Amino acid sequence: MNILSGSCRVLYVMALLLCMTGCATEPAQTYSEPQRVFPELKKPPSDPHAVVNVYDPLEPFNRSMYNFNARFDRYVFLPVLRGYEFITPDIAQTGVTNFFNNLREVNNLINNVLQGEVIDSSVTFGRFLINSTVGVLGVWDPATKMGLFVREEDFGQTLGKWGVGSGPYLVLPLFGPSSVRDASGLAFDYASNYQVDLLDLDDANRDAVRFSVTALQSIDERQANKFRYYETGSPFEYELIRYMYTQMRDIEVEK
């Protein structure tokens, strides 16, 4: 997990925005694609007030954080991303993506086990084992070619499966849209994720390496998502993102 892992949820939501105009039915859940599969809404809300009737008692703070995240993304993150794409060959970018996806399997496995998902836990363990060995530490992804597709879960979903309510909507600095429940799950996801620990380095160099790896993972995750702040064409982007995020999380918990 890294400083952008939660903010990617902001970006995932944009895939759902397309569903508001194009989705009439909910497709059956499938694992036929290796990338993350976004849950779709059954239909746009019949009550237009539903978009604004999201529990958001911290709205002034949340709007400030949304604007901060938008400026950070535009003036810091996207320029860094463009530089990364310019200097890094496509094949190397794919290897970086596969490597970090493999590291995330540890967190996926823990949460699938905690949710009692026996099949998904077995598939996730198999993916991690195959990609860590045959795939050379995850640089390649032979597990997907073998039909073992990602079963992605996080601790916010696990808490939801255990009956914990989402609580108020919350926009976190850099992380983006969240909720009190999902924000509390971030610490667990951090603890279950990898740690870079080079015993031959002193503390200062070890911290520098960890920061560099975290930054690279953040860039990789940002690259995978095409969302751009304030380019939705809607004057009510904040409300739409908020609504779609809460709907997405409800669906992810129920699936």
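A surface patch here is made of residues with over 30% relative accessible area and no salt bridge, with nonpolar side chains joined within 5 Å. Keep that in mind as we walk through this predicted model.

**Stop 1: the nonpolar patch.** Select Val 136, Leu 137, Val 139 and Trp 140: together they make a nonpolar surface patch of about 390 Å². You will find Val 139 in the loop between α5 (118-133) and α6 (142-145). Its relative accessibility is 30%, so Val 139 counts as partly exposed, a class that lies between under 20% for buried and over 50% for exposed.

**Stop 2: a buried asparagine.** Next, select helix α4 (residues 90-114) and pick out Asn 112 within it. Asn 112 has 0% relative accessibility and therefore counts as buried. Which residues beyond its neighbours within four places in sequence is Asn 112 in contact with? Show Glu 117, Asp 120, Ser 121, Thr 124, Arg 151 and Glu 153 to see them.

Stop 3: Move on to strand β1 (residues 169-172) and strand β2 (residues 176-179), which run antiparallel and are joined by four bridges.

Stop 4: Finish with helix α10 (residues 237-254). Of its 18 residues, 14 are buried, so α10 is largely enclosed by the rest of the structure.

Notes:
Residues numbered from 1 in each chain as written. Predicted model: local features only at pLDDT ≥ 70, side-chain atom pairs only at ≥ 80, totals over all residues. Heavy atoms only, no water. Pairing = 2+ DSSP bridges. Helix = DSSP H or I, 4+ residues; strand = E, 2+ residues; numbered from the N terminus. Buried < 20%, exposed > 50% of the residue type's maximum accessible area, 1.4 Å probe, protein only. Contact = heavy atoms within 4.5 Å. Expected span 1.5 Å × (residues − 1). Patch = residues over 30% accessible without salt bridge, like charges linked within 9 Å, V, L, I, M, F, W, Y side chains within 5 Å. Areas by Shrake-Rupley, 256 points an atom, 1.4 Å probe, with all protein chains shown as cover. Salt bridge = Lys/Arg side-chain N within 4 Å of Asp/Glu carboxyl O.
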